[in-house]
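Hello,

Here is the structure I promised to pass on. Please have a look at it first, and then read on for what I found.

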Amino acid sequence: MAKVVVIYSGGMDSFTVLNHAIHAGHDVFALSFNYGQRHVRELDAAAEVCQSLKVPHKIVDITAMNSLMAGSSLTSDIDIPEGHYEEKSMQSTVVPNRNMILLSLAIGYAVSIGAEAVYYGAHSGDHAIYPDCRPEFVKKMNDVSLIANYEPVRIEVPFLHNDKTEILAAGLAMGLDYSHTWTCYNGRDKACGKCGACVERLEAFAANQQTDPLPYE
């Protein structure tokens, strides 16, 4: 049984990755980050899931990084754009260098606990907007991670070439309950149904001929 770290936001993609790693028989350690995101409800969802699955879980506060990297609508006082991820307006949701920072911290954690890999949930639907979800970024980060420490750590991205519809299909095939996830960029009581995250999520459920269990405004 291999020990692995899963970067777990509490959203539907990382929820699927977490369960994918568990179903593969790995000894999973979940790692979540509070970087000042508005949709902090994701972290509550992550904590509840890990508690129910009895998966060791750390939530790390890295909000101090926002004093260096302002300008994202996810962390600053900027309106969350509505519409599809393919629209240029969604670029305001980019947090500069986020995945390199999160992966670096996760790799350090992996080395400290003797884990051989770090999993994260980048997928093909992110490629156009988020440069740190593209295959070439993943390859380079993996190359660096294998030589950055005396203990090589692999970067595993099981759904790198899949879209959200295919990720959801994989999760449904595992019998996963997506009411235990949160996706909406607006941190309100109900999901807005209008931001890019909600639109893509709803499209994935519709494509799988399923109804999203989350409540919407």
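Val17 sits in helix α1; helices (H or I, at least four residues) and strands (E, at least two) are DSSP runs, numbered from the N terminus. Setting aside neighbours within four places in sequence, the contacts of Val17 are Val6, Tyr119, Tyr120, Gly121, Pro158 and Phe159, where contact means heavy atoms within 4.5 Å.

Before I go further, a word on the source: this is a predicted model, in which local features need pLDDT of at least 70 and side-chain atom pairs count only at pLDDT 80 or more, while totals for chains, interfaces and linings use all residues. Residues are numbered from 1 along each chain as its sequence is written, and side-chain values use heavy atoms, with hydrogens and water left out.

The overall picture

The protein chain has six helices and five strands. Read from the N terminus, its elements follow the order β-α-β-α-β-α-β-α-β-α-α. Of its 217 residues, 49% are buried. Among contacts between residues at least 6 apart in sequence, 71% join residues at least 24 apart. The accessible surface is about 10,100 Å², and carbon and sulfur atoms account for 52% of that (areas come from the Shrake-Rupley method with a 1.4 Å probe; for residues, only the protein chains shown count as cover).

The annotated stretch

Val17 is also one of the residues that UniProt, in an unreviewed entry, lists under "binding site"; the others are Tyr8, Ser9, Gly10, Gly11, Met12, Asp13, Ser14, Phe15, Thr16 and Leu18. UniProt positions are given in the numbering used here, feature names are shortened, and annotations may be inferred rather than shown by experiment. From this set, Phe15 belongs to the lining of the second largest pocket.

Gly11 is buried, at 5% relative accessibility. Not counting residues up to four places away in sequence, Gly11 touches Glu42, Thr181 and Trp182.

The second largest pocket

This pocket has a volume of about 150 Å³. Its lining consists of Phe15, Asn19, Ala45, Glu48, Val49, Ser52, Leu53, Leu176, Asp177 and His180. Helices α1 and α2 (41-53) each supply at least two of the lining residues, and the largest share, five residues, comes from α2.
For the cut-offs: on a 1 Å grid over the protein atoms alone, a pocket is an open set of points where a 1.4 Å probe fits, with protein on both sides within 12 Å along at least five of seven lines, and lining residues have an atom within 4 Å of a point. Grid points are joined across faces, edges and corners, and the volume is the space filled by probe spheres set on the points.

Salt bridges

How many salt bridges does a search of the whole structure find? There are seven, a salt bridge being a side-chain nitrogen of Lys or Arg within 4 Å of a carboxyl oxygen of Asp or Glu.

One of them joins the side chains of Asp13 and Lys164, at 2.7 Å from N to O. This pair links distant parts of the chain, 151 residues apart, with Asp13 in helix α1 (residues 12-23) and Lys164 in helix α5 (residues 164-173). Asp13 is buried at 13% relative accessible area, and Lys164 is buried at 6%.

Asp13 and Lys164 are also part of a salt-bridge network with Glu200. Glu200 lies in helix α6 and is buried, with 9% relative accessibility. The C-alpha atoms of Glu200 and Thr165 are separated by 8.6 Å, although these residues are 35 apart along the chain.

Another salt bridge pairs Arg188 with Glu217, with 2.8 Å between the closest N and O atoms. Arg188 lies in the loop between α5 and α6 (196-207) and Glu217 in the segment after α6, so the pair ties together parts that are 29 residues apart in sequence. Arg188 is partly exposed at 39%, whereas Glu217 is exposed at 54% relative accessibility.

Lys139 and Asp143 form a salt bridge too, with their closest N and O atoms 3.1 Å apart. Both lie in helix α4 (residues 135-147), four residues or about one turn of the helix apart. Asp143 is partly exposed, at 34% relative accessibility.

Best wishes

Note on methods. Buried < 20%, exposed > 50% of the residue type's maximum accessible area, 1.4 Å probe, protein only.
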